[in-house]
Amino acid sequence: MGITILVFLLLSAALVSAGGGQEQAGVATVNYWAGFTGPDKLGMQAIVEDFEEANPNVDVEFMTAPWTEVFTKFNATFGSSSAPNLMVMHISDIPQFADRKMLNAVDGLLAEMGVKEGDYPKPVWQGQHYGGSQYGVPLDYHPMAVFTNVKMYNAAGLDANMRFTSKDVFLNAMSKLTDGEQYGVGIGVPHAHTMRYWYGLLYQAGGSFLNADQSEAAFNSAAGEKAVQFLADLVYKYKVAPVHETDIDRDFLAGTVASLIEGPWWVPGAAEQEGLEFSTVPFPTIFEQKGVWAGAHTLVLPNQDDKGKKDGAISLMQYIAGNTVAWGAAGQIPASLAVINSAEYKALPTYKYFKQFIEQGDYVHFEPVMKANAEFGADNELSPVLNAIYGVVLGESKAAEAMEQAAADVNSILNK
Amino acid sequence: MNRSEVSFSSARTTKLLRSLLLYFLLAVITLVALTPTLWMLSTSFKKQHEIFQTEVKWIPREFTAENYIKSFELFPLWMWFRNSIFVAVLTLVLTLACDIMAAYAFSKLNFKGRNVLFALVVASIMLPREAAIVPMYRLIRNLGMMDSWAAIILPQAAEAIGVFLLAQFFRNVPNELSESAALDGCGHWRILWRIVTPLSVPILAVLIILTLVNSWNNFLWPLIVAASEASVTLPVGLASVMSGSSEAAEARQFGLLMATAFISCLPTIAVFLVLQKQFIQSVTMTGLKY
Amino acid sequence: MHKQSSRGWRQAMWAALFLLPYFILFISLKIGPLVVNFWMSLQELDIIGKGVFNNFGNYKVLFQDRLFWRSLNNTFYYLVLVGPVNVAGGFLLAMLLNQKLKGRIITRTVVFMPYVIMVTVVGAIWRWLLDGRFGLLNYYLQKIGLESVPWLSSSSTAMIGIAMASVWWTIGYNTVIYLAALQDIPKDILNAADIDGAGPLRKLFAIIIPSVKGATAFVVLTTVIYSMQVFGQVYTMTSGGPQYSTVTLVHYLYVKGFREFNLGYSSTLGVVLFFVILALSALVYATFGERKAKG
């Protein structure tokens with residue numbers, strides 16, 4: 001019986017070492033990670049499959065998980081054979097990883113990939129850089145815009161393509177749309193988007209997130225206060241947004257709210273919803289200037305040893321960067337200006353929705369491209385700024401105090 | 001006695017009322033305990049528009065299996081299941097092998113420091129695993145074992161509960177049997193596997209269930225070490241879909257989530273319903289040993 | 001004499017052989033890491049690279065860390081919400097199931113079943129059940145005339161929501177243990193009490209509760225320890241929000257270590273967890289140990 005056990009153990013050991021993925025000889029397996037979940041995941045999958053067909057000697061393992069998990073796992077697996085060979089990140093994520101020497105600079109590869117500076121909006125291009133080197137190849141950028149429910153707007157006597165050019169225009173429309181169980185717009189708590197709305201409003205009111213040399217928080221200003229107070233007022237003062245709104249997407253689909261402020265990735269899913277007639281309009285201009293939050297996805301090359309995989313990763317990177325029309329169809333706004341002005345892109349059936357996102361290109365604001373953003377950015381559930389904003393929108397704290405506390409917390413993070 | 005003086009019918013009424021009350025309590029408790037599971041089932045068979053309505057209907061008007069189909073399409077459920085199964089079985093084999101041998105040493109062999117060592121092992125049962133995950137993580141990483149089944153299996157096989165339970169049981173196996181076997185020329189190895197182990201089936205059943213269930217439901221540690229599809233176990237895979245903070249559209253498609261949830265717990269529930277007695281025994285035997 | 005010592009040596013060798021496999025795992029993956037954790041808590045340690053000793057710097061930061069104290073607070077709050085309910089409730093349920101009632105096996109099954117479900121599924125089910133607008137609980141609350149509660153989206157009720165899910169998940173465990181203990185009480189003692197004319201309450205307090213003291217000690221100990229380690233429910237139901245009201249010690253440890261890459265600080269939190277559990281275990285042992293000595 002003891003022998004049986006031993007044999008069994010040896011077999012198990014063999015199985016154990018086998019578990020975790022096989023690799024074929026002669027074929028480079030590239031681990032490609034991205035935080036996409038939803039229609040953009042499927043869109044990227046399609047692009048990857050096209051690449052694999054065109055490149056039979058490269059096999060791509062495409063892994064998706066929510067963004068925070070992707071980064072957690074990147075940290076956990078870095079340096080091992082399960083680490084990613086190619087990743088998508090936000091430009092705001094580059095600093096923390098570049099700082100830790102986890103990314104390869106791509107300056108030397110740009111020429112052979114055909115990536116040119118002039119082809120991209122300036123803020124997007126600048127965001128790819130950190131500490132003097134460039135780490136990312138721009139993939140897309142995504143501002144917020146308002147999705148409007150055509151039927152509900154028409155029923156309230158409004159044009160679903162209307163422009164919210166001022167606070168009064170916006171509030172007026174929202175009140176008309178609010179009636180009993182129905183509301184004008186949803187402000188989600190907890191939902192990271194709420195911090196993104198605030199971000200846009202902050203800049204509209206003339207404020208700024210950090211000071212010029214990024215050493216101190218600057219949002220605990222009148223502008224920051226105004227911005228968060230406005231969001232809270234939508235819920236409690238003007239009563240055009242539901243209290244304790246947990247799920248803005250679902251409520252828009254269910255007809256509980258008439259407007260939804262989301263990113264362009266939401267377009268394909270919405271277009272597929274039976275019975276949903278919608279339109280998109282730019283993010284409302286509430287204060288003195290135009291301004292809206294935007295994020296940007298970028299392709300980065302993690303530091304890695306295996307040359308075969310690295311080459312595979314680079315050719316995948318090049319392929320994706322050069323084929324972003326399909327990516328645009330999946331719901332992101334391609335970063336390449338040539339692409340968004342191309343006939344092919346404009347011929348997409350969903351182009352009429354994307355147009356309103358692209359319009360805002362000149363006045364988008366990205367989150368600070370710095371290492372500490374990992375701690376106070378909208379992606380971290382424990383971010384002091386995020387939670388401060390929730391507090392005000394939940395009616396549990398006052399705008400001025402919340403902003404002050406958040407600023408103090410951000411400063412202590414910056415000063416570490 | 002007072003009782004004999006009470007009239008017959010009054011005693012019967014009290015007894016009846018008491019029974020009624022108890023049965024009522026039983027019914028209420030059963031219902032309340034079942035409700036979440038039933039609601040999960042009910043939701044999983046509904047279409048989106050029926051889920052998000054303010055009137056609650058237990059039986060869907062439009063019964064649909066689309067959530068289940070979509071669940072298999074969207075998520076690599078087969079991979080997650082496969083990984084969980086392999087990890088559970090391999091953990092079991094390793095745990096049994098190591099624990100049986102160690103328990104035998106602690107109960108049937110005499111050596112210096114035996115009691116101290118045993119006390120250390122037993123004490124470790126109550127120590128929180130979480131207080132060690134950072135060093136464990138660095139170790140697994142330095143050994144190049146990240147994102148492998150081994151990374152999940154080995155730490156769990158280090159748990160001491162099996163050694164404790166088996167040692168206690170072995171102690172009660174009469175020494176006469178092993179002594180007579182020794183006289184016949186059997187070495188300890190033979191005695192362990194051919195005599196003591198076959199006599200320990202009840203406690204082995206307990207340990208098997210305990211190990212399998214703990215492995216299957218293990219969450220925090222696999223969350224840290226498993227990354228790629230090839231090694232992500234079921235709870236970790238589900239968490240990436242069901243996480244509350246996830247901005248994914250799926251995190252709010254409750255029909256889909258409930259279907260996925262049900263698929264995931266169906267195997268464990270099925271096994272539990274069949275092996276109820278053993279499950280409950282494994283709990284009580286662990287508990288009452290203290 | 002000679003025979004004995006050679007036999008002794010042989011036994012020791014066999015023992016070493018038999019203990020080796022388990023102890024390799026035990027030392028390297030159970031005891032070792034626990035010890036090393038103390039050492040790591042004294043360092044500034046990122047997820048990659050070497051650590052730098054920082055002269056108890058982590059502990060100094062910990063002391064002033066608002067969020068740490070909040071997480072400790074939250075964890076104890078969780079214990080207060082779940083502990084008494086799980087222990088007393090488990091006992092009462094076991095008492096009920098100990099009565100000769102038809103169908104009690106079904107109830108026992110149904111009450112225990114949640115325990116075999118994984119935490120991710122439990123979290124998902126309850127997140128849906130506690131939904132502010134479409135949740136089942138609010139629906140029935142409104143039906144009986146109460147107001148609907150925002151449960152997981154309000155900082156005053158989120159932890160209560162998590163506690164409810166946890167009780168549903170784990171009360172079966174305690175129930176089953178108590179049931180076994182109740183069934184172990186010798187019938188003659190209870191019969192004798194009946195003959196003496198003791199009422200149900202007296203029986204309860206004078207006989208039953210003291211008789212299940214061992215089970216109670218175990219149940220309290222495990223409830224306390226597992227409550228201190230609560231993580232999965234927080235991760236899948238609230239991610240620590242809203243407003244940090246559900247950040248627990250282990251959740252904070254995880255975020256600090258594996259989201260913010262601060263392994264040194266994470267180790268420090270692990271040390272705190274270790275000592276908190278040690279202290280509470282000692283407390284439980286002391287409480288129940290004393291009674292044992294007296295009885």
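Reader: Is A:K371 buried, partly exposed or exposed?

Author: This is a predicted model, so everything here is computed from it. A:K371 has a relative accessible area of 38%, so A:K371 is partly exposed.

Reader: Ok, and which side chain does A:K371 meet in a salt bridge?

Author: A:K371 pairs with A:D99, at 3.1 Å from N to O. A:D99 counts as partly exposed, because its relative accessibility is 33%.

Reader: Where do A:D99 and A:K371 sit in chain A?

Author: A:D99 is in helix α4, while A:K371 is in the loop between β14 (364-365) and α18 (373-376), so the pair ties together parts of chain A that are 272 residues apart in sequence.

Reader: Which domains does the assignment give for chain A?

Author: Domain 1 covers 28-142 + 295-357, and domain 2 covers 145-294 + 363-414. Their centres, taken over C-alpha atoms, are 27 Å apart.

Reader: How many residues of each domain are in contact?

Author: On the domain 1 side of chain A there are 28 residues, and on the domain 2 side there are 27. Between them, the two domains of chain A bury about 2,200 Å², with 71% of that on carbon and sulfur atoms. A:Y353, A:Q356 and A:F357 supply 28% of the area that domain 1 buries against domain 2, more than any other three residues.

Reader: How many salt bridges and polar contacts are there between those two domains?

Author: The rule finds one salt bridge across the interface of domain 1 and domain 2 of chain A. The count of residue pairs in polar contact there is four, with both residues at pLDDT 80 or more.

Reader: Which element gives the most to the domain 1 side?

Author: That's α17(A), which gives five residues to the side of domain 1 of chain A that touches domain 2. By class, that side of domain 1 has 13 nonpolar, twelve polar and three charged residues.

Reader: Switching topic: what about chain C, which domains does it get?

Author: Chain C is assigned domain 1 (1-29) and domain 2 (60-294). The centres of these two domains of chain C are separated by 41 Å, taken over C-alpha atoms.

Reader: And how many residues do chain C and chain B bring to their contact?

Author: Chain C brings 88 residues and chain B brings 99. The area buried between chain C and chain B is about 8,600 Å², and carbon and sulfur atoms give 77% of it. C:F18, C:Y22 and C:W128 supply 10% of the area that chain C buries against chain B, more than any other three residues.

Reader: How many salt bridges are counted between chain C and chain B?

Author: The count is one salt bridge. C:K30 forms it with B:E159, and the closest N and O atoms are 3.9 Å apart. There are also 17 residue pairs in polar contact across the interface of chain C and chain B, both residues at pLDDT 80 or more.

Reader: Which helix gives the largest share of the chain C side?

Author: Helix α1 (residues 2-40) of chain C does, with 20 residues of the side that touches chain B. That side of chain C divides into 64 nonpolar, 17 polar and seven charged residues.

Reader: Back to that pair across the chains. Are B:E159 and C:K30 buried or exposed?

Author: Both B:E159 and C:K30 are buried. B:E159 is in the loop between α8 (149-157) and α9 (161-171) of chain B, and C:K30 is in helix α1 of chain C. Salt bridges that share partners also join A:E245, A:R250, A:D251, C:D131 and C:R133 into one network.

Reader: Why do B:E62 and B:K47 count as partly exposed?

Author: B:E62 counts as partly exposed because its relative accessibility is 36%. For B:K47 the relative accessibility is 26%, so B:K47 counts as partly exposed too. The cut-offs are under 20% for buried and over 50% for exposed, with partly exposed in between.

Key:
Residues are numbered from 1 along each chain as its sequence is written. Chains are lettered from A and ligands numbered from 1 in the order in which they are written. This is a predicted model: local features need pLDDT of at least 70, side-chain atom pairs count only at pLDDT 80 or more; totals for chains, interfaces and linings use all residues. Side-chain values use heavy atoms; hydrogens and water are left out. Domain bounds come from an automatic or database domain assignment. Contact means heavy atoms within 4.5 Å. Buried area is the accessible area (1.4 Å probe) that two parts lose on being put together, summed over both. A salt bridge is a side-chain nitrogen of Lys or Arg within 4 Å of a carboxyl oxygen of Asp or Glu. A polar contact is a pair of N or O atoms within 3.5 Å; within protein, one must be able to donate a hydrogen and the other to accept it, and residues adjacent in sequence count only if both atoms are side-chain atoms. Helices (H or I, at least four residues) and strands (E, at least two) are DSSP runs, numbered from the N terminus. Ala, Val, Leu, Ile, Met, Phe, Trp, Tyr, Cys and Pro count as nonpolar, Asp, Glu, Lys and Arg as charged, and the others, Gly among them, as polar. Buried means under 20% relative accessible area, exposed over 50%, partly exposed in between (1.4 Å probe, protein chains only).
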